[in-house]
Amino acid sequence: MKRVKLTVAYDGTNYCGWQVQPNGLSVQEVLNRYLSELLGESISTIGASRTDAGVHALGNVAVFDTNARMPADKISFALNTRLPEDIRIQDSREVPCDFHPRFQKTIKTYEYKIYNRRFPDPTKRLYTYFYYYPLDVEKMREGASYLIGEHDFKSFSTYKPEVESTVRTIYSLNVNRSEDDVITIRIQGNGFLYNMVRIIAGTLIRVGGGYYPPEHVKTILEGKNRELAGETARPEGLTLVEIRYPETE
């Protein structure tokens, strides 16, 4: 028996999220099905991040156990010939049998993209959130600065009873506008609460639009109340860019 780690990229548009669920097709369900067919045994993957419906990934992580003789590094090539075009394995490798993708120290990177101009571009509709009103990127940067470091992010999360602590650490939070009017919020931290990145994005949109002064983000953070923060931004703008495991690297 060996444990194999997969780095998985996917376009989340046509999926109800990462995790297997009864109300629609998930990325995990597709992976389990094609891995089982490829390896000739029942495979059940364990994912690192349970992305929501419509959210994309460039580097989500999953592991599974197998008795198959196929070398771990060859599984990515073989699996990609079977998977649908909106899911692709970027890497496969053997890891220790006690490696668990959710119970290790991680550095996670997300990007939230906002398409900010007068009219939408249909070619960007699946991977950015279109926002008509002008946004001030400098104010968004100033507001974002209050979130860097270790804080209780209760105001920036959707409540889940199983979560024991809402304290997380954000290592960096950058806001930049490209020449094609896409504002990218890039955030890196040791972990994120449910909907945390999308609520941060929704709050910074309010700051950029002039609804909140930048310093109000600090007040929201200290209030520890979800009702104080902005709306949960739409899922299509969010991409899980990378999950790193410093202790195993």
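**Exercise 1. Describe the surroundings of leucine 240.**

Solution. Leucine 240 belongs to strand S10, residues 238–244; helices (H or I, at least four residues) and strands (E, at least two) are DSSP runs, numbered from the N terminus. The model is predicted, so local features need pLDDT of at least 70 and side-chain atom pairs count only at pLDDT 80 or more, while totals for chains, interfaces and linings use all residues. Residues are numbered from 1 along each chain as its sequence is written, and side-chain values use heavy atoms, with hydrogens and water left out.

Step 1: is leucine 240 buried or exposed? Its relative accessibility is 0%, so leucine 240 counts as buried (under 20% relative accessible area; exposed is over 50%, partly exposed in between; 1.4 Å probe, protein chains only).

Step 2: list the contacts (heavy atoms within 4.5 Å). Neighbours within four places in sequence aside, leucine 240 touches Ser49, Thr51, His56, Ala57, Leu58, Gly59, Asn60, Thr109 and Tyr110.

Step 3: Alanine 9 is 231 residues from leucine 240 along the chain, yet their C-alpha atoms are 8.9 Å apart.

**Exercise 2. Compare the span of helix H1 with the expected span, and find what covers its buried residues.**

Solution. Step 1: H1 runs over residues 27–39, 13 residues in total. The expected span is 1.5 Å times one less than the number of residues, which gives 18 Å for H1. From first C-alpha to last, H1 reaches 18 Å, close to that value.

Step 1: the buried residues of H1 are Val27, Gln28, Val30, Leu31, Asn32, Tyr34, Leu35, Leu38 and Leu39. Their cover includes strands S1 (2–10), S2 (46–47), S3 (56–66) and S4 (87–95), and helix H2 (72–80).

Step 2: just after H1, glycine 40 has a positive phi of about 70 degrees.

**Exercise 3. Describe the largest pocket.**

Solution. Step 1: the volume is about 1300 Å³. A pocket is an open set of points on a 1 Å grid over the protein atoms alone, where a 1.4 Å probe fits, with protein on both sides within 12 Å along at least five of seven lines; lining residues have an atom within 4 Å of a point.

Step 1: 43 residues line the largest pocket, and the closest to its centre are Val163, Arg168, Phe192, Leu193 and Tyr194.

Step 2: strand S5 (107–116), strand S8 (167–177) and helix H4 (196–208) each supply at least two lining residues. H4 gives the largest share, three residues.

Key. Grid points are joined across faces, edges and corners, and a volume is the space filled by probe spheres set on the points.
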